[in-house]
Every structure is written in structure tokens, then in C-alpha cells.
Amino acid sequence: MKKYAMMIVPTGVGAEHGGYAGDASPIARKLSKAAPLIVNPNVVNAAVFSGINENMLYVEGWSMSGFVRGGISLLPHKNNKIGIIFDRAIPENVLNIHINTMNAVKTVYDVDIIGYEITQECAGVEFFTSGSGISTGTVKNPETLLKAGKKLLEKGADALAVVAFFEEPGEDDYENGAGVDIVGGIEGVISHYLSKNLMCPCAHAPAFADVEIKGDIVSPKVSAEYITPTFLPCILLGLQNAPLIRKGVQEGCLTYKNLHSIVMPCDSLGSAVVFDAVKNGIPVYAVRENKTVLEITRGAINLQNDIIEIDTYDEYIKILQSGEEYV
């Protein structure tokens with residue numbers, strides 16, 4: 001049975017590797033040379049760039065959770081037909097930039113984009129940082145995104161890209177490669193909501209009214225987001241070959257039994273993915289070199305004997321190359 005590794009870097013928790021703009025891509029690409037790799041979009045998304053490659057499967061967080069739990073299977077699929085949902089709140093000049101971006105990606109990468117739908121109403125996205133320091137937010141009208149998504153699926157889309165309008169974030173340390181991506185958390189909420197309700201691959205990119213490209217030098221970890229007014233290309237490149245979602249265990253699909261192991265930052269272990277992996281006998285490796293603003297270690301969740309701590313991602317690569325499951 002072909003075994004896959006899974007690399008997760010939670011969104012909006014300030015991870016040292018993967019908390020910014022595609023800065024975990026070099027690690028993911030090295031891992032993918034050792035084993036086929038399932039990644040969440042946060043690992044490889046980088047505005048107009050993408051760290052995705054042919055040996056990676058691009059799977060958003062809700063689908064990852066269902067996959068590890070055993071509630072869904074993943075069907076590897078190439079050249080997905082992609083539909084794009086645009087929030088009605090996006091100003092016309094910003095929308096036009098995104099449409100030009102869509103057409104550029106179609107022309108250069110031959111991505112099969114079947115078209116777009118503008119939501120009937122404004123989605124009403126708000127974002128903020130929670131008391132625990134992670135980014136989160138709310139969507140006042142998620143149903144309007146859902147309706148637009150259904151129209152695109154009826155037109156033949158296999159996967160959905162969604163672009164919602166965001167107010168400008170306040171000044172913070174993000175451009176210096178520190179702190180938390182304040183919009184990342186609610187982006188995950190949006191993609192989870194659509195994936196769960198439409199059962200198809202989904203990914204989100206924000207749109208901002210300020211499309212000016214500033215000339216300031218920023219941290220290399222975030223620089224991909226400061227040279228462009230649109231973050232749409234990375235999600236289109238990821239969704240192009242994203243696996244399709246199927247309920248339950250289906251023949252010809254990947255299931256959690258295809259997982260060799262999961263690797264995560266050492267202090268962000270409180271998600272359902274971790275508990276379901278332990279329940280299903282999937283090894284979980286917690287990497288000490290990748291820390292977040294969370295303090296949810298294996299000790300904090302009483303899984304000292306079930307989760308393996310390792311120092312580096314290079315150590316994990318050696319485990320994958322050896323074919324062993326435990327160290």
C-alpha cells in the first residue's frame with residue numbers, strides 16, 4: 001500500500017515555519033522527495049507564488065480532519081475544473097485586477113477555470129486576534145458564498161476558489177516576519193465552511209481595497225504578499241490538482257490507512273486531527289524547531305506516550321526515508 005506523509009501547519013498561530021507567506025514551502029518540498037505529501041494550503045500558499053509540486057496533495061483543514069478521522073476519502077485528481085467565488089463587497093477596480101489575474105493564470109499555467117460568480121450579497125468578513133493570540137473572525141453572511149459555490153458546481157466545477165473582501169489590517173509585526181497573520185484564521189473558517197457544505201476542494205484568498213504596492217523592504221518570510229495586490233494565483237495552482245472529496249471509504253480512493261504519519265509544530269497539538277490520528281494508530285511527530293503562539297504540547301493534552309517529539313524536519317525526513325514509523 002502506498003504511504004503518504006501529512007504536513008500540517010495551523011493557520012493564524014504564528015508558526016516559526018509556515019506562519020507567514022509560503023515560508024514552509026522549502027520544508028514541504030524536501031519532505032515530498034522522501035514521500036508523497038499531503039499539505040494544508042497554509043504550508044505552500046504564497047500570494048502569486050506557490051510551493052506546491054507534483055508529489056503533494058493540497059487539502060484544506062476540514063477535509064484533512066475528516067480524512068484522518070475516516071469520515072471521508074480523497075480521490076487524486078488532475079486538472080480540476082475550478083470556479084471562483086467573488087464577494088460582492090470587492091470594489092470594481094480590485095475585482096478587475098482579480099479577473100486579470102484569473103486570466104493570466106489560465107494563460108500561463110493552463111489552469112481550467114470555468115468562470116466566476118459574484119455573490120448576491122456582501123459576505124461581511126471581520127477578523128481579529130483572540131485572547132489566546134491566534135487569529136480568527138466571523139462571516140456575517142456565509143450563505144451568500146454557499147449559494148455562489150453551488151452555482152459553480154452546477155456549471156461543472158470540481159473545486160472552488162473564494163475571494164472575500166477584507167478591511168485593511170492594522171499595523172503589526174507581520175511585515176517584519178513576527179507575530180500572527182491576523183487574516184489567516186478567518187480564511188480557514190471560510191474554506192472549512194464551504195468544503196463541509198459542498199464536499200469539494202476549496203481555498204480562500206483575501207482581497208483588499210488598497211492595491212498599491214509599497215516600496216518598503218519587508219521580511220523575506222512575508223515578501224511574497226508585498227509585491228502584489230492579489231493572492232489568487234497560489235490557491236488556483238493548489239486547487240488545480242487537489243484531490244476530490246468522497247464520503248466514507250471508497251474503492252480507488254486514499255483513506256487514513258494510507259497515512260504513514262503526520263508532522264506538526266510541537267506546541268499546536270490540540271486539534272481533532274491529533275486525537276483522531278492517535279485513535280486510528282497513525283504516528284504523530286511533533287517538531288521542536290517549529291513553535292507557535294499556542295502552548296498545546298503533548299504533555300498539555302496527556303499524550304506523552306502517543307506523540308513522538310523530534311528536533312527537526314530533517315529528522316522526520318530520515319524517518320520517512322527509512323520506512324520506519326517510530327524512533
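This talk walks through one predicted model, from a sheet to its cores and then to a few single residues.

Let's start with the sheet. Which strands make it up, and in what order? The order is S8-S7-S11-S12, an open sheet of four strands with parallel pairing. Two of these are edge strands, S8 at 113–118 and S12 at 202–208. Each of them pairs on one side only. On average, neighbouring strands here are turned by 20° against each other, direction ignored.

Now look at the middle of that order. S7 covers residues 82–86, and S11 covers residues 159–166. Five bridges pair them in the parallel sense. Find Ile-84 on your screen. Its bridge partner in S11 is Ala-161. Keep Ile-84 in mind; we will meet it again.

Move over to S12. S11 and S12 run parallel and are joined by seven bridges.

How many of the residues of S12 are buried? Seven of its seven, so call the strand mostly covered. Both faces are covered. On one side sit Cys-202, His-204, Pro-206 and Phe-208. On the other sit Ala-203, Ala-205 and Ala-207.

H7, residues 232–240, lies across S7, S8, S11 and S12. Against S11, helix H7 runs at about 165°.

Next, the aromatic rings. The structure holds six aromatic pairs. Take Phe-208 and Phe-231: is this pair stacked or edge-to-face? The ring centres are 6.3 Å apart and the planes stand at 70°. Planes over 60 degrees apart count as edge-to-face, so this pair is edge-to-face. Phe-208 is in strand S12, while Phe-231 is in the loop between S12 and H7. The pair therefore ties together parts that are 23 residues apart in sequence.

Phe-208 has 12%, so Phe-208 is buried. Phe-231 has 13%, so Phe-231 is buried too. Both also belong to a cluster: ring pairs link Phe-127, Phe-166, Phe-208 and Phe-231.

On to the cores. In soluble globular proteins, nonpolar side chains tend to be buried together. Here, the largest nonpolar core has 82 residues. Which residues have the most contacts inside it? They are Met-7, Leu-31, Val-39, Ile-84, Ile-190 and Leu-194. There is Ile-84 again, our residue with a bridge partner in S11. S11 gives this core its largest share, eight residues. A second, separate core has 27 residues, including Ile-8, Leu-254, Met-264 and Ile-282.

Let's zoom in on Val-39. We leave aside its neighbours within four places in sequence. Its contacts then include Met-7, Ala-28, Val-44, Ile-52 and Met-56. Leu-57, Tyr-58, Val-59 and Met-64 are also among them.

Met-7 leads us to strand S1, residues 4–7. Both faces of S1 are covered. Tyr-4 and Met-6 are buried on one side, Ala-5 and Met-7 on the other. S1 runs parallel to S14, and four bridges join the two. In that pairing, Met-7 stands opposite Val-263. S1 also runs parallel to S2, residues 37–39, through three bridges. There, Ala-5 has Leu-37 as its bridge partner.

What covers them? H8 is followed by Gly-281, which has a positive phi near 75°.

One last stop: His-77. Where is it? In the loop between S6 (72–75) and S7. His-77 has 27% relative accessibility, so it counts as partly exposed. Its side chain makes a polar contact, at 2.5 Å, with the side chain of Asn-80. Leaving aside neighbours within four places in sequence, His-77 touches Asp-158, Gln-240, Asn-241, Ala-242, Pro-243 and Leu-244. Now compare Ala-104. That residue is 27 residues from His-77 in sequence, and 23 Å away in space, C-alpha to C-alpha.

How values were computed: Residues are numbered from 1 along each chain as its sequence is written. This is a predicted model: local features need pLDDT of at least 70, side-chain atom pairs count only at pLDDT 80 or more; totals for chains, interfaces and linings use all residues. Side-chain values use heavy atoms; hydrogens and water are left out. Two strands pair if DSSP finds at least two bridges between them. Axes are lines fitted to C-alpha atoms, for helices over the stretch in contact, and angles run from 0 to 180 degrees between N-to-C directions. Contact means heavy atoms within 4.5 Å. A nonpolar core is a set of buried Ala, Val, Leu, Ile, Met, Phe, Trp, Tyr and Cys residues joined through side-chain atoms within 4.5 Å. Buried means under 20% relative accessible area, exposed over 50%, partly exposed in between (1.4 Å probe, protein chains only). A polar contact is a pair of N or O atoms within 3.5 Å; within protein, one must be able to donate a hydrogen and the other to accept it, and residues adjacent in sequence count only if both atoms are side-chain atoms. Rings of Phe, Tyr and Trp (its six-membered ring) pair if their centres lie within 6.5 Å; planes under 30 degrees apart count as stacked, over 60 as edge-to-face and the rest as tilted.
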